[in-house]
Amino acid sequence: MIRIRRTNLDADLTLKLLNRTEQLKMVDASPSIARQAWRGAPVEKDQLRVALRRMSRSIERCMYCSDSRGTDVDHFEPIKLSPFRTFDWMNHLLACSSCNSNAKRDLYPVDSVGAPLLIDPTVDDPFDHLRLILSTGAYRWNTSKGQATIEVFQLNRADLRRGRELAFPRCQAMLRDYLRLQGSGKGRDALKMLNALQEQPFADVLHAMYRTMTIPGADIVLGGLEVLEALRMSQR
Ligand SMILES: [Zn+2]
C-alpha cells in the first residue's frame with residue numbers, strides 16, 4: 001500500500017454525485033436502498049472509475065494491495081454502515097476484487113472514539129503505520145491501524161508476499177541498469193528504465209526501498225551501494 005493523492009472531480013460529475021446524495025437523504029435511505037441506487041448509477045460509476053484510475057500510480061493498480069488491476073470502485077466506509085456516503089467522492093477507492101469482495105467486504109473496524117482503524121491511502125501515509133520487510137515481502141505493523149489494515153485486507157496473503165519478494169530483486173536489477181545507462185550517457189534509455197520501474201506492480205516495494213535509504217546500513221539492506229546510489233540519483 002502506498003500514499004495516493006486524491007484529485008478533484010470535474011464540475012459535472014461533482015454535481016451528479018451531490019444530487020445522488022441529496023436523493024438518498026430525502027428518502028432517509030437504508031443501506032439496501034443506497035445499494036440499489038448505486039447499482040442504478042452506471043454512468044457515475046464509470047466516470048468515478050476513470051477518475052480513480054488516473055489517481056492510481058503503477059497503472060490502475062488496486063490501491064490496497066498494489067498488485068492486481070483495480071476493477072472495483074470500493075466504498076472505504078461500507079454502504080451498510082453509511083448509506084449517505086454511497087456517492088461521496090472522498091469515500092471512493094480503486095480496489096481489486098480480491099481485496100474488495102474477498103478480504104474487506106463490509107469490515108470497517110473503528111477505535112474507542114469511532115475513528116477508522118483502516119488506513120485510507122488517500123488520507124494516511126501507509127508507511128507511518130506499516131513496514132515492509134523487503135527480504136520476505138511480509139508486512140509488519142507499527143500501529144494498531146497498521147495491524148487492523150493487514151488483517152482486514154489480508155495484506156500478507158501468500159500470493160502478495162511472494163509477489164513482493166520477487167519484486168525486490170527485480171527492482172534492484174532495474175536500478176543497477178538505470179545507473180549503468182546514466183553512467184554511459186544514455187540518458188533517454190535511463191529515463192525509460194526509470195519509468196518502467198515506477199509502473200511495475202507492487203509499487204510498495206520500490207516505495208519501501210526509498211524509505212530505507214536513510215537508515216544506517218541501508219546499502220546492505222538494499223543489496224549494495226550501487227542500488228543505493230541509483231535510488232538517490234532517481235530522485236534528482
Ligand atoms: Zn487488491
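How many of the 236 residues of the protein count as buried, as a percentage? The share is 31%. Keep in mind as you explore that this is a predicted model.

**The overall picture**

Let's start with the whole chain. Its secondary structure comes to 12 helices and 4 strands. Taken along the principal axes, the C-alpha atoms fill a box of roughly 65 × 40 × 25 Å. How does the chain meet itself? Look at the contacts between residues at least 6 apart in sequence: 65% of them join residues at least 24 apart.

**The nonpolar core**

Now turn to the inside. The largest nonpolar core has 43 residues, and those with the most contacts inside it are C62, Y64, C65, A95, V205 and M209. Several elements each supply at least two residues of this core, among them α3 (42-55), β2, β3 (130-133) and α7 (144-153). Which helix gives the largest share? That is α8, with 7 residues. The core draws at least three residues from each of domain 1 (11-153) and domain 2 (158-234).

Leaving aside its neighbours within four places in sequence, A95 is in contact with C62, M63, Y64, G70, D72, D74 and N100. Two of these partners, C62 and Y64, are also named with A95 among the core residues with the most contacts.

Next, find α8 and α12. They pack at an angle of about 70°, with their axes 9 Å apart. Angles of 65 to 115 degrees count as roughly perpendicular, so α8 is roughly perpendicular to α12. The crossing is left-handed. On the α8 side, the contact is made by Q172, L175, R176, Y178, L179 and Q182. On the α12 side, the residues are E226, V227, E229, A230, L231, M233 and S234.

**Stops along the loops**

Most residues other than glycine have a negative phi. Against that background, D28 has a positive phi near 50°, and the phi of R105 is likewise positive, near 50°. D28 is found in the loop between α1 (11-26) and α2 (31-39), while R105 lies in the loop between α5 (97-104) and α6 (126-129).

L117 has its place in the loop between α5 and α6 too. Apart from neighbours within four places in sequence, its contacts are P109, V110, D111, S144, K145 and A148. L117 and K145 are 28 residues apart in sequence, yet their C-alpha atoms are 4.6 Å apart in space.

M90 sits in the loop between β1 (72-75) and β2 (92-95). Its C-alpha atom is separated by 9.5 Å from that of V123, 33 residues away along the chain.

| Residue | Other C-beta atoms within 10 Å | Class |
|---|---|---|
| D28 | 9 atoms | exposed |
| R105 | 12 atoms | exposed |
| L117 | 19 atoms | partly exposed |

Why does L117 count as partly exposed? A residue needs 20 or more such atoms to be buried and 12 or fewer to be exposed, so L117, with 19, falls in between. R105 counts as exposed because its number is 12.

Key. Residues are numbered from 1 along each chain as its sequence is written. This is a predicted model: local features need pLDDT of at least 70, side-chain atom pairs count only at pLDDT 80 or more; totals for chains, interfaces and linings use all residues. Two residues are in contact if their C-beta atoms, placed from the backbone, lie within 7 Å. A nonpolar core is a set of buried Ala, Val, Leu, Ile, Met, Phe, Trp, Tyr and Cys residues joined through C-beta atoms within 7 Å. Domain bounds come from an automatic or database domain assignment. Axes are lines fitted to C-alpha atoms, for helices over the stretch in contact, and angles run from 0 to 180 degrees between N-to-C directions. Angles under 35 degrees count as roughly parallel, over 145 as roughly antiparallel, 65 to 115 as roughly perpendicular and the rest as oblique. A crossing is left-handed if the near helix is turned anticlockwise from the far one by less than a right angle, and right-handed if clockwise.
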